[in-house]
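I opened the structure to look up its pocket, its nonpolar surface and its charged pairs. My entries are below.

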Amino acid sequence: MPVLSRLLGVSTIAFGALEFAKPDLWAKPTGITGPSPAMRTWHQTLGARDIASGLAMTLAPAGPALRAATLFRIVSDSTDALAFGLNAPDARLKAKAVGAALGFAALNALSLRWAGR
């Protein structure tokens, strides 16, 4: 049973919904903030992506569909690590943002072990 994948899917939905509704909440810890509509839109886009990928991980049947949804999530977290790492304003914030994104990618990679059952 892919319990870890399902839990990660539900947490990704919650994370995404919060980022979509309150983009500054997740932007502040990375230091990538600003009053610009473009910045809010970027974070809302990430939130929408996370809602969609979380729903896929939560609802996809075990097997190839769940593995594909999980791989998408791993790629998303990896690109987040790259984007936040490139754009965070200082080394401490870069390390925090990259570490968090890669940590989620690693958890999702671990969940692949049970995604086919």
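These notes cover a predicted model, taken one topic at a time.

I looked up the largest pocket first. The space in it comes to about 440 Å³. I find 20 residues in its lining, with F15, F84, A100, A101 and F104 nearest the centre. The elements that each give two or more residues to this lining are α1, α2, α3, α4 and α5. The largest share comes from α5, with six residues. I sorted the lining by class and got nine nonpolar, seven charged and four polar residues.

Surface. I then looked for nonpolar patches. F15, F104, L107, L110 and W114 make one of about 410 Å². Here too α5 gives the most, with three residues. W114 sits in the segment after α5 and counts as partly exposed, at 30% relative accessibility.

Charged pairs. My search of the whole structure returned five salt bridges. One of them joins the side chains of D24 and R40, at 3.8 Å from N to O. D24 is in helix α2 and R40 in helix α3, 16 residues apart. D24 is partly exposed at 32%, and R40 is partly exposed at 34%.

R49 took a separate entry. Its side chain meets D50 at 2.9 Å and D80 at 2.7 Å, both N to O. R49 lies in helix α3 and D80 in helix α4, so this pair ties together parts 31 residues apart in sequence. R49 and D80 are both buried. I read 18% relative accessibility for R49 and 4% for D50, which is also buried.

Terms used. Residues are numbered from 1 along each chain as its sequence is written. This is a predicted model: local features need pLDDT of at least 70, side-chain atom pairs count only at pLDDT 80 or more; totals for chains, interfaces and linings use all residues. Side-chain values use heavy atoms; hydrogens and water are left out. On a 1 Å grid over the protein atoms alone, a cavity is a set of points where a 1.4 Å probe fits but cannot get out, and a pocket is an open set with protein on both sides within 12 Å along at least five of seven lines; lining residues have an atom within 4 Å of a point. Grid points are joined across faces, edges and corners, and a volume is the space filled by probe spheres set on the points. Helices (H or I, at least four residues) and strands (E, at least two) are DSSP runs, numbered from the N terminus. Ala, Val, Leu, Ile, Met, Phe, Trp, Tyr, Cys and Pro count as nonpolar, Asp, Glu, Lys and Arg as charged, and the others, Gly among them, as polar. Patches are made of residues with over 30% relative accessible area and no salt bridge: like charges are joined within 9 Å, nonpolar side chains (Val, Leu, Ile, Met, Phe, Trp, Tyr) within 5 Å. Accessible areas come from the Shrake-Rupley method with a 1.4 Å probe; for residues, only the protein chains shown count as cover. A salt bridge is a side-chain nitrogen of Lys or Arg within 4 Å of a carboxyl oxygen of Asp or Glu. Buried means under 20% relative accessible area, exposed over 50%, partly exposed in between (1.4 Å probe, protein chains only).
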